Every structure is written in C-alpha cells, then in structure tokens.
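Please walk through this model with attention to its charged side-chain pairs and to one of its sheets.

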2 protein chains.
Amino acid sequence: MFKANENYLKLPGSYLFSTVAKKQREYSAAHPDKKIIRLSIGDVTQPLAPAIIERLHSAVDEMAVAETFKGYAPDLGYEFLRNTIVKNDYIDHGVDISADEIFVSDGAKSDSANIQEIFAPESKIAVCDPVYPVYVDSNVMAGRTGTYDKETGLWSDVIYMPCLEENGFAPEFPKEEPDIIYLCFPNNPTGATISKAQLQEWVDYANKIGAVIIYDAAYEAYISEDDVPHSIYECEGARTCAIELRSFSKNAGFTGTRLGFTVVPKDLKDANGVALHGLWARRHGTKFNGAPYIVQAAGEAVYSEEGKAQTKAQIAYYMNNAKVIYDGLKAAGYSVSGGVNAPYIWLKTPDKMTSWEFFDYLLANANVVGTPGSGFGPSGEGYFRLTAFGTYENTVEAIERIKAL
Amino acid sequence: MFKANENYLKLPGSYLFSTVAKKQREYSAAHPDKKIIRLSIGDVTQPLAPAIIERLHSAVDEMAVAETFKGYAPDLGYEFLRNTIVKNDYIDHGVDISADEIFVSDGAKSDSANIQEIFAPESKIAVCDPVYPVYVDSNVMAGRTGTYDKETGLWSDVIYMPCLEENGFAPEFPKEEPDIIYLCFPNNPTGATISKAQLQEWVDYANKIGAVIIYDAAYEAYISEDDVPHSIYECEGARTCAIELRSFSKNAGFTGTRLGFTVVPKDLKDANGVALHGLWARRHGTKFNGAPYIVQAAGEAVYSEEGKAQTKAQIAYYMNNAKVIYDGLKAAGYSVSGGVNAPYIWLKTPDKMTSWEFFDYLLANANVVGTPGSGFGPSGEGYFRLTAFGTYENTVEAIERIKAL
C-alpha cells in the first residue's frame, strides 16, 4: 500500500501570514470606521515598467505567427537572456561568471527550495535565525532536519546562527561544521547587509571546511552603500564554494510574472570531485521545462537602457518609503535597522513587548499592520518587520500615526 | 565536507534526442543538396490561437497599471482559472471534481517529475515500457529505483509493464504489487489508448491493492473515439486511488508558454489515512510561487468559445497529418498503431531492423527523421515513432518518399 512522505507531516503549520490577515480582518470588522494601513506587504505594488510591458506585447505578437512562434525553450534558458544577465550582472562588474553557468528559472523561490535536492540526503544545513522559511522547510521535506521542538521552535539537526542587535544582525561561524550554509543579503526579514570583507570571511571559511554557501541575493538591487557586495562572486574563491540565487521579483516587479536565475560555477565540486553544475543541469532538464518565452523576453528588457532607468526609479520610490519609515521610527525613539540597502525595516519592540503583543498594540492604536519578527524564527522574537512596498502617502500616514503614539 | 546527491550520478546519459540531432546534422553536412523532413518533432509548430493572443495582450495591459497589476498569485492558481477548468474538463462531463482539487502549475513535466516527492522514499513504482523518461528519472533522483543494468536498460527496483504489439500496447497488471503506478493515455510514445472498461480495471486493481495511479492525460484533447476516457475520474472509485496530470502544451500550443494542472482528490488517502491533497498543497506553497498571471489568464481563454473552436482546429490539423502518416504507412505495408487518438504514430520496423538501423535507413533513403523506439525503453526496440506536429505539406512529402522506398 502506498504511503505519504512522512517528512511532510513533521512540518508545523505556516500560520504567520494567515494569522496576520485574520487579526486584521477581525479588527476591521469590529472597527469598520478605521482605515488600516498595511506595512506588512512583502509583495511589490508598482506596475511593470513601460519597457517591460512593450517587450511583453511584442513577444506575444511573436507567438501569434508560425515563423516567430516559440515552443519548448532551451532547458537552461534562452541564450539572449543568459548573455544579457552575465554581461550586466557579472562581467560589467568585473566578476568572472560565464553565460553557461546561468540557469534561468521561474523564480528564486523555486530555486531556493529545489537546490537542496542536488546534495546528499545526510547533509547538515546552517541557517540564519530569523530566516526566510523556505530554506528550512524544503530541507524538512527532504528529511534532513531531525525533529521539531515546539517549545523552542528549533529543529534538532539544523545549525542555527542567531542574527541579533548584539551582533549587528550578522551571523557568526557556527560551532558545529555545516555542509550547506544558507546566507541571504540584503536580508529578509532584517534588512541587514554584511560588508565585502565580512562576506570574504564566509567564503574563506566555506572553502576551508569544504562547505557550500547558497547565497540568496534576491534584494541586491536595493543596495545603496558602496561596501556592500551585490554578488558573492565579488569575493575571491567563491567560484569553488558558492551558488548564487537571483530574482526579477523585487528589482523589476516580477512577483506575478515569475523569473529568476541560479548561478552554479563549473569550479564548484564536492568532496569526491563531482561538479554540481552537471547535477543542476540534469535537474533542470528532467524536472523543469523552462520559463515562458514571453517572460524571458521581458527579462531581457529589464536590462535595456529604458528598462534599467525605469526599474531604478521604482526601487528609488520604495527606498524613499524605507527612509520615511526608518527616519520616522528613529525620531520616535525606536531601535531600528535595515531600510538602507533593503526594502525591509526591522525594529526592536518597545517595553519588552513580544512580537505579537506589539502587533496587537500597533493594530489597535495606530491601525497599522506589520509582521511579527517571531514568525521568522525564535531569534526574531522581540522584533518587528515593516516593509517599503506600500504607497508613499500611506507610508507617511502610517509613520505619523506611530510617532503620535 | 559537502557531498552531491549520489542518486543523480546513477542516471545514464539522455542521449536519445541529441544523437538524433547529431546524426541528422552529419547527414546534412555530407549531403547538403538533400531536403530533410523531421517527423521526430515532439513540439507543436502552430502559433498560439487568436483568442489566446488577445487575452495575453489584455493581461499584459493589466500588468501596466497599478489598479490591475498582479503580484504573487494564489499558491494553487487563480480561482477564475480553477473554476473554468473544473467546469469544462470535469463538471460538464459529469465528473465529480471540485475547483479546490485543481492545482495550477507551470506544466505537466514539472508536475510529473515532482509528484513522487509526496510519497514515502521506499515506494515501489511501476511504469509502462516504453515510457516518457521523466517518470523513471525523477524516481532515480529520489533514490527509489535501485541499480541500473546497462545491458538490459532496466532498473533493479522498478516494475516494468511491457507494452507491445502482442498486448495491443496496453500494460498488464504486474506480478509484483507496486505502490505507485504511472499510466499515460493517450500514450507517449506509442499513441495507444485503453478503453474506459480497461481503465476501470486499473482503478479497481489500484483500490484493491492500495496503490496510487499517476494518470498522465496530457494528450486527452487528441481523443477522437467515443469509448476512450478523457479523464481517469470517469471511472468509479478513481477519487480514492488516482492523481491526474493535465497540460496546456499539446491542446493549446503552450509548450513555450508553460501551463498545466494536477488533480488531487480530497478522498485520496494513504495506508495511514493521510490525505495527499494537503501534502501537494504544502509542496506548492513551499516550493513554487504560481504560474504567471498573464499565462493563467491565457489559460482561461483556451476555454472561451473562440478559444475552443480555434484550438480544436489546430488539433484537427495535426490529426489530419496523423491520418496521412497512418494511412500511408499502412498502404506501404507497415505494421502501424497510434495516430487515431494521439499525435504519435508507432510503427514496427521492417525486416527485423533495430530501431536505430531503421533510423539510419530512413534518413539515408527517404531523408526523413523519426525517433527510435528503443530510446523510450527496452520494449521500444524494433519500433519507431513519427509525429504529426510538422506541416501538412512536409508530412505528405515524407510519406510519399517512404512509400516509394
């Protein structure tokens, strides 16, 4: 008789955003006169830029005529897109990555969930705490994480690297040696970054112990400071220890259009000399059939002169919101971080409130919705996330209300 | 030190289509004056239908304006699409499936590769031979298939169900009881179908032994005969033993646009009473971020009155090609099957040639390229696949050439 994968049954419910939505709904129902402002949004709100829209239309027209119709895409992505990516994101920045090391996908979420598959089942993973839940959950499904402790919210076989105000929200080398290290900078949820020198230390550490770093750079377009690396391959030696994940979601508004890519350098080999490039290519070829042609064409338009200017303006809009939030909360006496190189602002809850207590307090007294930090992991307790993806007007009003508390 | 997933290393190279392409290139280079016709194409060639193009354009316009812009899609697909699917493909045919049992995806290839994940690692799979390679390869990657025998081309822990001329290319119940049974009808590569009564026997068998059937119905739109089921849920009891995979690739030309769906009935439970619906929902929610909005909107347009009429005409065009191939080969004395409810024609090689010998013979003497049956599994040896996806003119010419041999 067939049996389900029992690892799936170990997953605790993912209640964070549904609980946030439920509490908001209940408050609205009880107070229909109040205007609630959501600074909890993790999704973009600005429409696709004109250069992208134009290319989508022309690509759709190509699909209408037999001569230019496109069937199955190449497994690893169209060359026009891979060449454009490698030129703009790597070669132009002096970074040594080639087009055949780029794997185009339907988004960084899929890639960040699927990448664990090419590693041995017994691999030990290390993650930051708080963390984007997909890294851990995908490893739970693969049976790598041991047992879950409801009290602490921790998995027995996962190495956690707490990121707290005390360490500048930067992880420290763990005591136990991991096989796979997940790093995300600029970070979701904390908005923190690490310097190029700090990232170089991680690369050196990984090469020394023979670990691989899964580097999630989905928010690199939000970096405004010079010393913050956009790619892990800016560090020496990263080609032998790092896989990088990139997204079109937050830099070009593709959350509902779906496009991303993963970089697997050919020099990246395991303890037995097996090159991961071939394994990831095999996974793409067997379990995926390419991102839609029209979406890949739109992805190329993101890198056109117009596309670059237009998406840069969108990011500037969101980052202006981030500044409004950051400065406003600072002025109100909050302990705040993030928001300078990321669309996320991470604040310490006042008066030792728990994350959920502060959520309730803010909803009731300022009619503002944010996201409790504890939802991202035990070390997020006592923190709170606000995002810059709302409108400018709502963001200003929300911060005025919080300042007035 | 990190280690690669060794199961990936067990996979033999997938040389079929690359060898076909290489031999074709070499022949062309040696005989530049010859016009080669490819009846090996597994991809559609007709452009997207006007109703689909129109909806793609209007959906792109929606993405250009903040008021109608769409970010992250619902995990399981937009309701407008799930409702349209369930009405047209199930309810209107008297089949009991509800919209929340439909999971929209980026295509049936991803689904057919990913579905094995929700089952226990020790599950035993049964496949038809010859077979679409993804079913087996995805289970190899998951470590379920034992060792590969280069001589026989068989995996030690896979149950093979030979589909040969002798049994009408219909699999028989295997001697050993499987946990997971992969069935694909209309079949790729043989083009064979089974009757509703035959499929009912499989449903009864699966319910009796507690197996699950993964039913790949990607080619259902090509069914022309009355007694051939379009969905496994036409059979009584299928809700407790079957998952169905559907595709927009071959019925609406979405091979490069990417859309599909999987049906997981809520009644489908494992030996311990665990409902697979929740597991597949969890997989979708954790490892996937939805198909693009514009593609889901286009998928809905496939079911509009215009969309139905236009895609039906495209299928009729391909099926006319299939008839040309089938009738022509019959007239030439070949033993032929398929082609009536599927875009694939499966023929027995003459004079006891191997599949590759016939490939070489056809290329050299008729300048026609097909696909050797042995590439789909050991029981495909001595068979050959031609497809109906070319142009009418080329198809007619290719068959004239073969008849003249």
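Is Lys266(B) buried, exposed or partly exposed? The model is predicted, so local features are taken only at pLDDT of at least 70 and side-chain atom pairs only at pLDDT 80 or more, while totals for chains, interfaces and linings use all residues. Residues are numbered from 1 along each chain as its sequence is written, chains are lettered from A and ligands numbered from 1 in the order in which they are written, and side-chain values use heavy atoms, with hydrogens and water left out. Lys266(B) counts as partly exposed, at 37% relative accessibility; buried means under 20% relative accessible area, exposed over 50%, and partly exposed in between (1.4 Å probe, protein chains only).

Lys266(B) forms a salt bridge with Asp100(B), at 2.6 Å from N to O. The term stands for a side-chain nitrogen of Lys or Arg within 4 Å of a carboxyl oxygen of Asp or Glu. Because Lys266(B) lies in the loop between β10 (260–263) and α9 of chain B, and Asp100(B) in the loop between α4 (79–90) and β2 (102–105) of chain B, the pair ties together parts that are 166 residues apart in sequence. Helices (H or I, at least four residues) and strands (E, at least two) are DSSP runs, numbered from the N terminus. Asp100(B) is also partly exposed, at 34%.

Over all chains, the structure holds 40 salt bridges. One of them joins Asp137(A) and Arg282(B), with N and O 3.5 Å apart. This pair crosses between chains, from helix α6 (residues 133–141) of chain A to helix α9 (residues 276–287) of chain B. Asp137(A) and Arg282(B) are both buried. In chain B, Asp92(B) and Lys87(B) form a salt bridge at 2.9 Å; Asp92(B) is partly exposed at 45%, and Lys87(B) is partly exposed at 44%. In chain A, salt bridges link Asp89(A), Glu220(A), Glu244(A) and Arg246(A) in a network.

Now to the sheet. In chain A, 7 strands form an open sheet of mixed pairing, in the order β2-β10-β9-β8-β7-β3-β6; two strands pair if DSSP finds at least two bridges between them. Its edge strands, each pairing on one side only, are β2 (102–105) and β6 (159–162) of chain A. Within the sheet, β8 (residues 212–216) and β9 (residues 242–247) of chain A pair in the parallel sense over 4 bridges, and Ile214(A) has Ile243(A) as its bridge partner in β9(A). Helix α4 (residues 79–90) of chain A packs on the sheet, touching β2, β9 and β10 (260–263) of chain A, where contact means heavy atoms within 4.5 Å.

Methods:
Axes are lines fitted to C-alpha atoms, for helices over the stretch in contact, and angles run from 0 to 180 degrees between N-to-C directions.
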